[in-house]
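Thanks for coming, everyone. Please look at the screen while I take you through this one.

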Amino acid sequence: MPNLKELKNRIASVTSTQKITKAMQLVAAAKLRRAQEHAEAARPYAERMDAVLANLSQGMVGNPGAPKLFQGTGSDQTHLLIVATAERGLCGGFNTSIAKLARQHADQLIASGKTVKILCIGRKGYDVLKRLYEPQIVETITLGHLKSVSFADVQPISKKVLDWFDAGEFDVCSLFYSRFKNVVTQIPTQQQLIPATVPEGVETANLNGAIYEYEPEEDEILAELLPRNMTVQIFRGLLENAAGEQGARMSAMDNATRNAGEMIDDLTLVYNRTRQAIITKELIEIISGAEAL
Amino acid sequence: MAEKLNFDLVSPDRLLMSEEVDMVLVPGSEGDFGVLPAHAPVMSTLKPGVLEVTGGAEGSSRIFVRGGFAEVTPQGLTVLAEEAIPLAELDVAKLDQSIQDAEEDVADAKDDQTRDAAQLTLDHLRQIRESL
């Protein structure tokens, strides 16, 4: 028979766990709202950027003068994978699902004889990936000290990546992050950054037959736009991640709180039964003692 | 004026302005240019400077922009600016103070990296100051 004291202790410990998960859920809910606003505020810029890029790239396809960022180095031997994850755990499968997508991609590339390099943004992605790809991880950037990511924080990251590209360290670059669909759904996404791709479904402006005037020349604009586009895409990825992380944590903590509640109910039932059994046993002992007299 | 120009100003953080205006003066990298309704399609990079909007919902406004693009299509004008600060939100005294702070940062910097970063901030602040 379970010890009453032990049961009481367990109920107390589960109750305090429940309090913590409940608090974490509330904090995540509050942070989620802000993160979501940030992510949504950043979307117009990224969308317009896509549209401008789409307009420009129409005239650039197959043009030998196009910048390298647009047409690639002509080889696809070395791949750089930028894996953006959260800085903290306890958010369900959020980090693992991003890492899993990156891992599948990396395995596929390694199997086909390509060289893979990994840049981790966020500590959790590094923790997951280092077990398998320690030698491939070139750098880990942590943003844990920042309350929220600003555009200026992303610029050094994209500059670093561009410097590596200019130095010929890699040929193809893709970004892995989690797209925030809604609070319960985050979609791990892979996006190719170099060579730049125009996402499908972006409408190009209807010029009614007119031709753009470019100031300065088309290729110069494109050369300036592409590095910026890198920053914007990474920035967008990080903001979507931030919102997704809070959403994932909120639902994970909601589940944890509910599980703790169920556990408390079960334990309380066992506790009450045990207590009643002890009382009954004592009564029987007293009564049978009295009858024996 | 009967016809209006659809004008959008977006920065990475937010959509600053999306409204119908009479005219916008854009600081293009190869010279300022004005955009009126039914302007021919143009795509231009921006230099740091002041964007002037005339005839918007709240009258005229002046906005400092740095780094980005202006795109004119038959549908209107879109300005993508990496940084955009409405001049009305700027305080000259505060700005001068930050410039002074930045100058001290440059002077105090111990290695090249921090000095470059401080110098960049200082240049940015000076550009804003000049535009006032």
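I'll cover confidence, then domains, then a set of strands.

This is a predicted model, where local features need pLDDT of at least 70, side-chain atom pairs count only at pLDDT 80 or more, and totals for chains, interfaces and linings use all residues. Residues are numbered from 1 along each chain as its sequence is written, while chains are lettered from A and ligands numbered from 1 in the order in which they are written.

Confidence, then. pLDDT is the predictor's confidence in each residue, from 0 to 100. Chain A averages 87, and 93% of its residues score at least 70. Helices (H or I, at least four residues) and strands (E, at least two) are DSSP runs, numbered from the N terminus. In chain A, helix H3 (residues 94-111) has the highest mean, 92, and helix H2 (residues 68-71) the lowest, 76.

Now domains; their bounds come from an automatic or database domain assignment. In chain A, domain 1 is 4-21 + 253-283, and domain 2 is 27-203 + 212-252. Their C-alpha centres lie 47 Å apart. The contact (C-beta atoms, placed from the backbone, within 7 Å) takes 4 residues from domain 1 of chain A and 5 from domain 2 of chain A.

Over to chain B. Strands pair if DSSP finds at least two bridges between them. What joins E6(B) to E7(B)? A hairpin, through 2 residues. Strand E6 (residues 49-56) and E7(B) pair antiparallel over 6 bridges. Leu51(B) has Ile63(B) as its bridge partner in E7(B). E7(B) also runs antiparallel to strand E8 (residues 76-86) of chain B, with 10 bridges.

Conventions
Two residues are in contact if their C-beta atoms, placed from the backbone, lie within 7 Å.
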